[in-house]
Amino acid sequence: MRAVLKMYMVRLILVMLAIGIEASVNGQSLVVLHSPAELTKKTQQDPSQGLVDLATAVPHLKLDLRYASTHNFTGVRLYPKGQHRSYLRRDPAAALAQAAKELEAEGLGIWVWDAYRPYSVTVRFWEMIGDERYVAHPSKGSGHNRGIAVDLTLYDMKTGKVLDMPTEFDDFSESAHHGYAALTEKKISNRELLRVVMERNGFIKFQTEWWHYYWPNADRYDVLDIPFNELKKELRAVEQ
Ligand SMILES: [Zn+2]
């Protein structure tokens with residue numbers, strides 16, 4: 001019964017969004033920006049709202065966008081095939097670039113699995129999984145939808161391989177939690193290395209996923225549902 005109710009809520013929200021009404025859940029309204037032009041307008045008023053292409057901002061970045069392939073926990077491809085650009089808002093992008101510079105001195109680089117994620121993908125996650133332990137509820141929108149959350153690990157610049165971490169990406173077991181101690185010393189020290197550099201640069205850790213970090217003051221940023229292909233066109237137009 002609860003599952004049926006949840007599905008009904010999701011459909012209701014989608015219908016409301018489709019007809020341009022803000023979804024209102026628990027008295028809080030969720031504004032979703034659908035148009036690249038709206039984002040450009042907001043960015044002109046407040047430059048911190050702008051999305052930044054991580055490949056150009058972050059030195060030595062490796063992108064492994066799992067949702068652009070079937071190699072993810074859903075087994076379904078959710079991003080355009082061959083999607084190879086990833087974005088964060090200006091301030092978290094700059095902080096990630098600074099973290100990369102600090103890691104460079106240790107021969108390490110940043111390996112990103114995901115960052116900005118269009119809201120409609122979060123809705124699809126919910127339709128497939130429907131469990132808040134694993135996916136964000138569409139009534140709230142996620143840090144990824146706001147362009148302020150990043151899923152990442154570290155890699156060794158000499159070998160090009162990822163460091164030995166507690167789990168794989170999107171492993172929802174207890175061993176992915178911060179503070180989980182039944183691990184090798186190496187896994188714990190690598191997890192801590194990532195945590196220290198991210199926190200030093202202003203990110204906040206997520207207790208149940210060692211790979212997920214987010215930027216504070218999420219409320220300053222709207223939930224975005226701009227598809228990757230439109231975003232690319234818009235950013236190019238803004239640069240010109
Ligand atoms: Zn995440």
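Two strands are said to pair if DSSP finds at least two bridges between them, and the strands (E, at least two residues) and helices (H or I, at least four) are themselves DSSP runs, numbered from the N terminus. The model is predicted, so local features need pLDDT of at least 70 and side-chain atom pairs count only at pLDDT 80 or more, while totals for chains, interfaces and linings use all residues. Residues are numbered from 1 along each chain as its sequence is written.

| Strands | Sense | Bridges | Bridge partners |
|---|---|---|---|
| E7 (residues 108-114) and E8 | antiparallel | six | Ile-110 and Leu-154 |

A residue counts as buried if 20 or more other C-beta atoms, placed from the backbone, lie within 10 Å of its own C-beta atom. Seven of the eight residues of E8 (residues 149-156) are buried, so this strand is largely enclosed by the rest of the structure.

Helix H4 (residues 90-104) also has buried residues, including Asp-91, Leu-96 and Leu-103, and the buried residues of H4 pack against several elements, among them E7, E8 and helix H6.

In H6 (residues 185-200) lies Arg-191, which is buried because 25 other C-beta atoms lie within 10 Å. Leaving aside residues up to four places away in sequence, Arg-191 touches Met-165, Pro-166 and Trp-210, where contact means that the C-beta atoms, placed from the backbone, lie within 7 Å. Although Arg-191 and Met-165 are 26 residues apart in sequence, their C-alpha atoms are 6.1 Å apart in space.

How values were computed. A residue is buried if 20 or more other C-beta atoms lie within 10 Å of its own, exposed if 12 or fewer, and partly exposed in between; C-beta atoms are placed from the backbone. Two residues are in contact if their C-beta atoms, placed from the backbone, lie within 7 Å.
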